[in-house]
Amino acid sequence: MTDHNNDVVLSFPPDFTWGASISGYQCEGSNPHADWHHWEPGNILDGSTNIRSCDYWTQYKTDHELLTQLNIPAFRLSIEWSRIEPKQGCFDQVAINHYHELLSDLKQRNISIYLTLFHWVLPKWVADEGGWTNPDIIGWFSRFIQLALDEFHTYTHSIITLNEPMVPLSFGYLSGMFPPEKKSVRRFLGACSNKMKATLKANQLICQLARQKGKKNNNGIAQTYPAFEPYHKSGPLRLYEHLVGKLSSHIAYDWWDRTLNKQPDQFAFCGINYYFRMFLKFNIHHSHQLFIDESTTPNESTQTQMGWPIHPESFYDVMSHVYKRFKKPIIITENGIADPDDTLRPAYIIKHLQQIHRAIQDGIPVKGYFYWSLMDNFEWKEGFNPRFGLVAVDRSTSELTRQIRKSGYLYRDIIRHNGLTRSMLQLVD
Ligand code: BGC
């Protein structure tokens, strides 16, 4: 496969961390104790259900071998609460042992583990008790976090307490696109408050453990930062779209960030998940969405398979915004593109890395980059159609055969060179 010449034009700091991300539920497969498993039939856009997913649960060694082949030194993955505690108060030792084996395999390969403790999916028994709307979840979640720390912290380089806290709550309680699909502002607000309290408690447990071990805590939260833009260039519609953008930012991350920021030393780094800029366009027929059509993209912008407009410059703005607010090191915990033919992905990666390079030059301490995702996987409401992987997963084969895409090899070369070479940059000229 193509190697790129040694002429590195944009080099990254020597201690920059290169990685790839996945999450448990999206890749492991076969998990009947998860709330999503019960919600999926009839609710997934491509008609699929996530019964096998990528079968990472059993094929993890194959996938870790791919990380080795691609020279990827760090891996972000998550553990599933529903596997560890499939029934209230009953912990599944077989599943816990399996995670030990999986994490040991990464360790033996010298791959740094960035472990997300919670990536959206609840155990079915928690969902049946009202999920995040039930204040008891604070205690249940803390018990799970304590167990996860006791069992797995020794494997980790860093801990990500949870992934994008507000996304499943907004989709589950406002738009109704995710389970539990119960649209209610009252429920939404209750769920937000409980999730915030549970997160603060989880962070305390992480910090306490670090203190006991005489170490500095190395944890963060992976937060989503979509860039909201008014569609109209001027006039009252632009003003309206701007105000809805403010409200959307408030719900997506601002409220969360402000509240968390009031507590000192909650986390050591800021995790940023960045994918797209979103245009908000007034639409009189969209009364159910504050009269906004958010799928609208101006004609000139290239879109991903998800219909998301690509805008690397907004990525720079997000990094700058987060640094100004928190003054903490930044790790890009997710950035990637759904692109089945792999035609846009190479340029997408290069252009987003250029923005990181620019941010570092400007004094913003970006310490690492994790591409989402190592492999094609279960993209929630959209099912298996969107292809985010550096590695393609062939769903027509019973083994779910993996094949490295050309962008996977490009990423390998970027890591080898610790930067972008002249020939890589020519791809985006
Ligand atoms: C989530 C992932 C998801 C990705 C692409 C992120 O917001 O953390 O689980 O697959 O976006 O939609």
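User: Which residues in helix 8 meet helix 10?

Analyst: Met 166, Ser 170 and Leu 174 in helix 8 meet Ile 251, Ala 252, Trp 255 and Trp 256 in helix 10, where contact means heavy atoms within 4.5 Å. Helices here are DSSP runs (H or I, at least four residues), numbered from the N terminus. This is a predicted model, in which local features need pLDDT of at least 70 and side-chain atom pairs count only at pLDDT 80 or more, while totals for chains, interfaces and linings use all residues. Residues are numbered from 1 along each chain as its sequence is written, and side-chain values use heavy atoms, with hydrogens and water left out.

User: What classes of residue does the contact of helix 8 with helix 10 have?

Analyst: The contact of helix 8 with helix 10 has 6 nonpolar, 1 polar and no charged residues, where Ala, Val, Leu, Ile, Met, Phe, Trp, Tyr, Cys and Pro count as nonpolar, Asp, Glu, Lys and Arg as charged, and the others, Gly among them, as polar.

User: At what angle do the axes of helix 8 and helix 10 cross?

Analyst: The axes of helix 8 (residues 166-175) and helix 10 (residues 235-261) cross at roughly 130 degrees and come within 9 Å; axes are lines fitted to C-alpha atoms, for helices over the stretch in contact, and angles run from 0 to 180 degrees between N-to-C directions. That makes helix 8 oblique to helix 10, since angles under 35 degrees count as roughly parallel, over 145 as roughly antiparallel, 65 to 115 as roughly perpendicular and the rest as oblique.

User: And how does helix 8 pack with helix 9?

Analyst: Helix 8 and helix 9 (residues 185-212) pack at an angle of about 160 degrees, with their axes 9 Å apart, which makes helix 8 roughly antiparallel to helix 9. The residues of that contact divide into 9 nonpolar, 1 polar and 2 charged.

User: What about helix 9 and helix 10, how do their axes cross?

Analyst: The axes of helix 9 and helix 10 come within 11 Å and cross at roughly 45 degrees, so helix 9 is oblique to helix 10. Among the residues that meet are Phe 188, Cys 192 and Met 196 in helix 9, and Ile 251, Trp 255 and Trp 256 in helix 10.

User: Where is the kink in helix 10 centred?

Analyst: The kink in helix 10 is about 55 degrees and is centred on His 250; the bend at a residue is the angle between axes fitted to the seven residues ending there and the seven starting there.

User: Changing topic, is Ser 142 buried or exposed?

Analyst: Ser 142 is buried, with a relative accessible area of 10% (buried means under 20%, exposed over 50%, partly exposed in between, using a 1.4 Å probe and protein chains only). Ser 142 is found in helix 7 (residues 137-152) and touches Lys 201 and Leu 205, not counting residues up to four places away in sequence.

User: And which residues does Arg 325 touch?

Analyst: Not counting residues up to four places away in sequence, Arg 325 touches Asp 254, Asp 257, Arg 258 and Asn 261. Arg 325 is found in helix 11 (residues 312-326), and at 23% relative accessibility Arg 325 counts as partly exposed, whereas Asp 254 and Asp 257 in helix 10 are buried.

Notes. Helices (H or I, at least four residues) and strands (E, at least two) are DSSP runs, numbered from the N terminus.
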